[in-house]
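Let us walk through this structure step by step.

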Amino acid sequence: MTDKRHSKSNLPEKTCAACGRPFAWRKNWARDWDNVKTCSERCKGELRRKTRKGEEQTWS
């Protein structure tokens with residue numbers, strides 16, 4: 001029987017697109033890991049705000 005558990009040091013990591021900090025895989029991201037870009041909801045909102053401000057500046 002193979003052991004499916006992972007130690008924290010063996011989990012895949014990514015760098016957050018908003019804050020630049022590394023974050024590790026979480027079980028609730030298992031289905032969508034390829035599309036995860038931020039480490040938290042707060043960073044996700046921050047990234048959205050940055051892109052909105054960028055769009056507003058291009059129109060001005």
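Begin at Trp29. This is a predicted model, and in it Trp29 has a relative accessible area of 15%. Buried means under 20%, so Trp29 is buried. Now turn to Phe23. Its relative accessible area is 6%, so Phe23 is buried too. Trp33 also counts as buried, at 13% relative accessibility.

How do these rings sit against each other? A pair of aromatic rings is described by the distance of the centres and the angle of the planes. The count comes to three aromatic pairs. Take Phe23 and Trp29: their ring centres are 5.4 Å apart and their planes stand at 80 degrees. Planes over 60 degrees apart count as edge-to-face, so this pair is edge-to-face. Phe23 and Trp33 form an edge-to-face pair as well, with 6.0 Å from centre to centre and 70 degrees between the planes. Phe23 lies in strand S2, while Trp33 lies in the loop between S2 and helix H1, so their pair ties together parts that are 10 residues apart in sequence. Ring pairs link Phe23, Trp29 and Trp33 into a cluster.

Next, widen the view. In soluble globular proteins, nonpolar side chains tend to be buried together. Here the largest nonpolar core has eight residues. Among them are Phe23, Trp29, Trp33, Val36 and Cys39. Phe23 touches Val36 and Cys39, and its other contacts include Pro12, Glu13 and Lys14.

The largest pocket has a volume of about 270 Å³. It is lined by 15 residues, and the closest to its centre are Asn35, Val36, Lys37, Thr38 and Lys44. The lining divides into four nonpolar, five polar and six charged residues.

Terms used:
Residues numbered from 1 in each chain as written. Heavy atoms only, no water. 1 Å grid on protein atoms, 1.4 Å probe; cavity = no way out; pocket = protein on both sides within 12 Å on 5 of 7 lines; lining within 4 Å. Points joined across faces, edges and corners; volume = space filled by probe spheres on them. Nonpolar A, V, L, I, M, F, W, Y, C, P; charged D, E, K, R; others polar. Core = buried A, V, L, I, M, F, W, Y, C linked by side-chain atoms within 4.5 Å. Buried < 20%, exposed > 50% of the residue type's maximum accessible area, 1.4 Å probe, protein only. Contact = heavy atoms within 4.5 Å. Phe/Tyr/Trp six-rings, centres within 6.5 Å; stacked < 30°, edge-to-face > 60°. Helix = DSSP H or I, 4+ residues; strand = E, 2+ residues; numbered from the N terminus. Lists of a residue's contacts leave out its neighbours within four places in sequence.
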